[in-house]
Amino acid sequence: MRVLVIGSGAREHALLLALRDDPQVTGLAVAPGNAGTARLAEQHEVDITSGDGVVALAQEVRADMVVIGPEVPLVLGVADAVRAAGIACFGPGKDAARIEGSKAFAKEVMAAAGVRTANTEIVDSPALLDAALDRFGPPSGDPAWVVKDDRLAAGKGVVVTADREVARAHAAGLLEAGHPVLLESFLDGPEVSLFCVVDGHTVVPLLPAQDFKRVGDGDTGPNTGGMGAYAPVPWLPDDVYRGIVHDIVEPVAAEMVRRGSSFSGLLYVGLAITERGPAVVEFNCRFGDPETQAVLALLESPLGQLLYAASTGALADFGELRWRGGAAVTVVLAAESYPGRPRVGDVVVGSEADGVLHAGTTRRDDGEIVSSGGRVLSVVGTGVDLTAARARAYDILGSVRLPGSHFRSDIALLAAEGKVRV
């Protein structure tokens, strides 16, 4: 089986590593890829938002399956074009991808499926903003305002703040740009990410993970695309995990089928584990980054065969997933100024070590690997438990050099110390 992976981040690097280990995968191609993925697969250029372009490339490399990593091509319907060309595709079609592309649509689906989530109000006019803000956040009882961009925002469209002026400025900026705004009630409690491979009614859950969105230690600073993650989640009771699958993911998958928008691909659910039980923060239509790097490091089942089963309607016959013991921790190395405009073009030293996954990198004509984006590398450590996995990840990170770079030093620390409680 020849597989074409679409994307250029550490998520795609992790996917390629896992696909390489599948004995039924005979060839790998990636587009556009990065300096790290070039060591694993044929590297090609393509406009990932063009269905025609991706189809032409898939035919050129004789792909038996296309795996689409990022959300933008999925929301634009690239998976539909691939399937229409008779090629198996892992990733939802345009209608189903709305579960990430429109937060308002996701809320409609959750309401119809009876899934608990934050109370929400959509604001589409600046004239309505102040009254809506008064209904959410302090002094309404919530500890903070939660303001979200209704559209895709690469993980950076959310502001959670106790400062009304900060909340208002963020919302007003979104409205000025023509984006509807979602105001939500605040969900307290530790957060969990759960990936599920889905094909219609069939749901196969992966290990739960926890990611870290804020840029600084102690969850300080602005939101990012993710600064680190770990898996599994030792503080999440097994009955709560099973309940998330049975009471949240399966009803949502069934509701998508009922609406004629059947989901086929990777359905991500981000949750807050509150005093009243799990509540959905968001759904995504693809593997999340950086959780993918940690979760796939522990997967023992053949990834290519799993994704192909979902892509061809055979997921119900795949069987139970197998996992390696222990834990995995991912730490993201970010460029100077990220999540603002990042500094790029600096030489990265030590980036070809085992456990280092590339994201914002490219190789110059002189052979040097240089930074080309905000999140430059993900470093993955595994071990018998979170303490050992953390030590391994930070040990690897210690051998990497990038001028002006930064990373969080507390990824998985509280969980390793047993200080996270449901």
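Author: A cavity, on a 1 Å grid over the protein atoms alone, is a set of points where a 1.4 Å probe fits but cannot get out; a pocket is an open set with protein on both sides within 12 Å along at least five of seven lines, and lining residues have an atom within 4 Å of a point. The model is predicted, so local features need pLDDT of at least 70 and side-chain atom pairs pLDDT 80 or more, while totals for chains, interfaces and linings use all residues. Numbering runs from 1 along each chain as its sequence is written, and side-chain values use heavy atoms, without hydrogens or water.

Reader: Which residues line the largest cavity?
Author: The count comes to one cavity of 30 Å³ or more. The space in this largest cavity is about 40 Å³, a volume being the space filled by probe spheres set on grid points joined across faces, edges and corners. The lining consists of Ile68, Leu74, Phe90, Gly91, Pro92, Leu266, Cys285, Arg286 and Phe287.

Reader: How do the residues of the lining of the largest cavity divide, and how many are nonpolar?
Author: Nonpolar covers Ala, Val, Leu, Ile, Met, Phe, Trp, Tyr, Cys and Pro; charged covers Asp, Glu, Lys and Arg; the others, Gly among them, are polar. One lining residue is polar and one is charged, and the nonpolar ones number seven.

Reader: Which residues are closest to the centre of the second largest pocket?
Author: The second largest pocket has a volume of about 690 Å³. Its lining has 33 residues, and those closest to the centre are Leu17, Ala18, Arg20, Asp21 and Leu357.

Reader: Which element gives the most to the lining of the second largest pocket?
Author: Helices (H or I, at least four residues) and strands (E, at least two) are DSSP runs numbered from the N terminus. Helix 10 (291–296), strand 18 (356–358), strand 21 (375–383) and helix 12 (386–397) are among those that supply at least two residues each. The most, five residues, comes from helix 1.

Reader: How many residues of helix 1 are buried?
Author: Buried means under 20% relative accessible area, exposed over 50%, and partly exposed in between, with a 1.4 Å probe and protein chains only. The buried residues of helix 1 include Ala10, Arg11, Glu12 and His13. Helix 1 is mostly covered, and of its eleven residues the buried ones number nine.

Reader: Why is helix 11 largely enclosed, and which elements do its buried residues pack against?
Author: Helix 11 (residues 303–311) is largely enclosed by the rest of the structure because seven of its nine residues are buried. Leu303, Gly304 and Leu306 are among them. Taking contact as heavy atoms within 4.5 Å, the buried residues of helix 11 pack against helix 1, strand 4 (65–68), strand 5 (88–90), strand 10 (191–199), strand 15 (264–274) and helix 10.

Reader: Leaving aside neighbours within four places in sequence, which residues is Leu307 in contact with?
Author: Leu307 lies in helix 11. Its relative accessible area is 0%, so Leu307 is buried. Beyond neighbours within four places in sequence, the contacts of Leu307 are Met65, Val67 and Phe90.

Reader: What is the radius of gyration of the protein chain?
Author: The protein chain holds 13 helices and 21 strands. The radius is taken over C-alpha atoms, and the globule rule is 2.2 Å times the number of residues to the power 0.38. That rule gives 22 Å for 422 residues, and the chain is as compact as a globular protein of that length because its radius of gyration is close to this, at 21 Å.
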